Amino acid sequence: MTKRVVEHATCLGCGCACDDIAVVVDGDRIAEARNTCALGRAWFADGSVPRETRSGGKTVAPDVALADAAKLLGRAERPLVYLAPDISCETQRAAVAIADRLGALLDSPTGEIAAGILASQRRGRAAATLGEIRQRADLVVFWGVDPADRYPRYASRYAVDPAGLQAPDGRNSRRVVAVDVGPSRGAADADERVAIAPEDEIDALALMRAVVLGRGIGDGTVARVATGLATQMMRARYVALVHDAEPSQRGSPLPLPLHPDSGEALIALAQALNGPARCALSSLRAGGNRSGADAVATWQTGFPFAVDFAPGYPCYRPHAGAAVLLARGEIDVALLVGSPAGVPQGVAATLAHVTTIVIGPRASAAPFRPKVAIDTGVAGIHEGGTAFRMDDLALPLRPALSGPSVAADVVRALAARLTKGRS
Amino acid sequence: MSKARLRIAGGAVYDPGSAEGADGAIRDVCIEDGRIVAELPRDAPKLDARGMVVMAGGVDIHSHIAGSSVNHGRRLLPEEHAADPAPAPPLADPDAVPRSGTGGTIPTTFTTGYRYAGLGYTTAMEAAVAPLAARHAHAELDDTPIIDAGLFALLGNDDYLLRQIAAGEVARARDYAAWVLSAAGAYAIKIVNPGGVERWKAGGRNVTGLDDAVGTGAVTPRRILETLADAVNALELPHPVHIHCNNLGQAGNAATTLETMRALAGRRAHFTHLQFHSYGGERGKSWKSAAKEVIEHVNAHPEVSADVGQVMFGPATTLTADAPVEYLLHASSGKRWVNVDIELETGCGIVPYSYREKAAVAALQWAIGLELFLLAKDPWRVVLSTDHPNGGSFLSYPELIRLLMDRGYRDERLKQVNQKLVAGSTLADGLAREYTLSEIAIVTRAAPARLLGLKDKGHLGVGADADVTIYANDPDRAKMFSTPRHVIKGGVLVVEEGQLRRAPTGRRLRVRPGYDPAVTRDLKRWFDGYACVSFENYPAVELGE
């Protein structure tokens with residue numbers, strides 16, 4: 001069989017959503033995904049996915065699985081619809097429609113970064129698309145994050161290395177500062193390293209903002225560090241302040257929860273820097289179209305996550321989302337759309353205790369033994385449509401392989417069954 | 001009620017936009033297969049409109065309802081959404097999937113469609129979309145039912161265009177504009193603060209005048225305006241270039257607005273939210289109305305059109321690609337602020353706001369909008385908008401219509417506002433004009449459709465789209481226009497007896513101007529050099545149809 005190449009494919013291995021991937025297909029397998037990083041290679045892999053449709057532990061016809069799913073959801077008293085990773089916006093839109101119809105709680109992994117989202121709702125944002133950072137930034141400050149770990153091409157494709165309009169010499173046009181917040185290290189490739197103890201992080205950010213606003217801040221150790229950093233940032237033309245919005249270092253032995261106030265302090269600092277300089281806060285997000293889940297929820301409901309349709313309209317329950325209601329035992333049936341493997345620990349652990357229906361890539365391999373499992377393709381590998389980059393930019397997906405069922409079609413078919421059973 | 005045929009019988013028809021015309025004449029309006037037809041058999045289904053007012057469906061020439069910036073705004077306003085829940089409407093078709101949502105100044109997509117239709121509007125233009133983010137805007141419009149919608153593509157701060165201007169490549173700039181419109185699936189070209197957003201992103205200060213240098217002295221706001229106005233005219237686009245001038249919201253900005261109009265003299269051009277650009281006085285010192293000077297220029301120049309961008313008292317969300325303006329508003333108000341710089345193209349700024357009638361500047365802005373309306377000689381060229389949600393929600397249009405139609409009511413309202421700055425305005429001197437129903441029909445549907453070049457909209461002539469709104473003829477015009485009795489969209493009865501009953505999918509309005517394909521080779525090189533999205537992934541819609 002001859003090989004074929006799908007050019008300009010978008011990788012959803014992380015939130016960078018690099019769209020310059022050339023996927024080489026040999027038969028029904030991916031032989032190579034060119035231009036990818038290690039994460040991207042692992043995400044594409046050979047493109048093989050299970051193709052099962054199961055109900056009650058048995059292989060069944062798709063119609064039977066859908067009928068069973070509709071019956072379970074129709075009887076549910078407190079259903080949850082959860083938007084897991086690796087589905088397109090088209091699938092997400094169809095899944096939110098089901099939540100609306102059922103009066104369900106709607107949530108997604110965005111619930112894991114609730115503190116940061118709530119901070120941005122109180123204060124707003126000073127942000128930029130990734131390409132704008134490439135064009136403008138003359139100072140890049142990595143705040144407790146080395147993008148090489150979870151966002152491998154962030155530096156080479158966007159923020160640091162490439163030449164831009166106002167950074168004609170790429171890396172040499174920029175100064176890179178790594179701020180190590182305890183064990184959360186800044187970028188390895190830095191012109192300067194600054195260490196801040198985790199317990200001093202919020203103080204340091206507040207003091208930096210005070211310096212930017214022209215207030216005196218005393219001369220303690222933290223104040224000296226803060227003054228040094230803030231002064232550099234004020235002298236820059238365009239600062240990219242980069243932090244990891246995701247909650248913990250994957251693969252690290254100790255999960256390092258974000259300080260709940262760090263998001264707000266970073267936003268406030270970035271906003272204040274617009275005045276003396278220009279500044280954008282770049283919030284790194286994981287892949288699988290997680291950003292799409294909160295964009296879609298926002299345009300359909302007005303709220304980015306933890307949306308409760310129980311009253312007959314969307315209500316925002318940022319402190320009573322999926323993890324909380326599952327832990328309290330309030331949810332009886334969960335419809336999970338997307339990759340079960342991408343569901344955060346806190347949610348996944350409790351899903352074993354409720355009736356679950358999973359529609360998504362590798363649904364049949366879900367560790368929490370779903371009642372109904374319908375395997376679909378992975379958005380971006382087997383399915384087309386739209387996905388969002390971490391900076392809220394919508395990109396097209398170019399599937400290289402044909403998959404099992406198409407997630408959006410399955411979810412729409414389920415929605416149709418629920419509509420018919422309505423009256 | 002079938003889509004196929006309907007006779008709207010016995011209503012008073014206000015149809016200034018059709019060749020036949022009608023100014024309150026009692027006559028039937030006949031619909032077949034989504035179009036207006038001359039006659040129907042006697043046994044065709046009938047909708048009794050006796051005692052009611054019949055107009056074409058409303059057409060909003062400038063609104064912000066879908067896309068990346070709008071969604072950033074939505075995300076910023078959870079408390080507004082919580083305060084304005086919108087349960088799913090009870091639709092007639094059992095297979096229809098009605099959707100709940102939330103409102104506030106930036107409603108959710110489904111609620112936006114339902115509310116526009118409930119207001120008797122059947123077409124709306126999303127007025128500011130970065131071409132790079134057009135895919136997002138289309139996805140939201142796909143979830144915005146009923147209304148036909150188009151988007152305006154933001155140009156004028158985009159690096160590729162500025163390069164062509166710097167190099168004197170007029171033809172290439174035109175080809176590029178045509179390609180962008182096609183790639184974005186857009187309907188018109190929108191310029192926002194030409195050159196100013198680019199300067200703000202580059203770390204400099206906003207531009208203040210038409211001849212400020214943008215990067216290089218060869219590129220100025222004036223050159224950007226001329227280049228794009230000429231391109232639009234050469235491409236024979238249905239809508240002229242849609243311009244948000246420099247210096248929005250600044251005291252004394254009327255001088256810039258007039259200079260912009262003079263710079264484009266003889267060229268077709270549409271000046272949007274003119275109210276925000278009609279201020280006298282001096283920056284940082286004093287405010288006064290310059291509505292009279294601005295509107296007299298508009299009156300005297302038939303190639304110029306405008307929408308007003310009326311400010312209405314109450315909550316608003318200021319949301320614009322004019323990011324430096326929002327920075328200033330945040331700095332002066334201390335309110336929440338979103339800024340998003342958009343690579344190689346434009347900016348985005350958002351600040352929630354409230355216009356209070358006891359605030360001097362808000363009262364002046366309110367008065368200036370009304371002056372523009374009341375001093376405009378030609379309603380076909382000065383049309384209704386609030387720049388939703390910037391000057392107020394589209395839901396405030398009925399109140400605005402009452403202000404225009406009812407002098408007694410207007411004068412009462414005027415007494416209640418802060419008098420400090422309105423004292424010297426022509427409004428305070430007493431403007432007696434009252435808009436007629438026919439003039440309202442012009443500024444809310446016939447003229448916007450004509451200015452947009454939508455030949456089948458805004459009127460009820462034979463062959464027109466069967467978008468029809470039927471109002472109870474209530475002397476309280478705010479009440480009349482806020483709750484139409486019936487609304488028909490594309491021949492489908494969507495609002496029946498004041499209730500939303502059907503929610504068909506709206507159409508997307510777009511243009512496909514031709515261009516020399518050589519421009520795409522140059523663009524590909526430029527994308528490879530600077531862009532962070534593949535050239536092949538940039539178009540939001542299929543090209544080459």
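In this predicted model, the contact between the two chains draws on 55 residues of chain A and 49 residues of chain B. On the side of chain A that touches chain B, helix 5 (residues 130-136) of chain A supplies the largest share, namely six residues. By class, that side of chain A consists of 24 nonpolar, 18 polar and 13 charged residues.

Strand pairing also links the chains. Strand 8 (residues 124-128) of chain A and strand 18 (residues 337-341) of chain B run parallel and are joined by five bridges. Within this pairing, Ala127(A) has Val340(B) of strand 18 of chain B as its bridge partner.

A helix pair within chain B may be described next. Two packed helices are characterised by the angle and the distance between their axes. For helix 6 (residues 170-184) and helix 8 (residues 221-234) of chain B, the axes come within 9 Å and cross at roughly 65 degrees. Because angles of 65 to 115 degrees count as roughly perpendicular, helix 6 of chain B and helix 8 of chain B are described as roughly perpendicular to each other. The crossing of helix 6 of chain B past helix 8 of chain B is right-handed.

| Helix of chain B | Residues in the contact |
|---|---|
| Helix 6 (residues 170-184) | Val170(B), Ala173(B), Arg174(B), Ala177(B) |
| Helix 8 (residues 221-234) | Thr227(B), Leu228(B), Ala231(B), Ala234(B) |

By class, the contact of helix 6 with helix 8 of chain B comprises six nonpolar residues, one polar residue and one charged residue.

How values were computed:
Residues are numbered from 1 along each chain as its sequence is written. Chains are lettered from A and ligands numbered from 1 in the order in which they are written. This is a predicted model: local features need pLDDT of at least 70, side-chain atom pairs count only at pLDDT 80 or more; totals for chains, interfaces and linings use all residues. Two residues are in contact if their C-beta atoms, placed from the backbone, lie within 7 Å. Helices (H or I, at least four residues) and strands (E, at least two) are DSSP runs, numbered from the N terminus. Ala, Val, Leu, Ile, Met, Phe, Trp, Tyr, Cys and Pro count as nonpolar, Asp, Glu, Lys and Arg as charged, and the others, Gly among them, as polar. Two strands pair if DSSP finds at least two bridges between them. Axes are lines fitted to C-alpha atoms, for helices over the stretch in contact, and angles run from 0 to 180 degrees between N-to-C directions. Angles under 35 degrees count as roughly parallel, over 145 as roughly antiparallel, 65 to 115 as roughly perpendicular and the rest as oblique. A crossing is left-handed if the near helix is turned anticlockwise from the far one by less than a right angle, and right-handed if clockwise.
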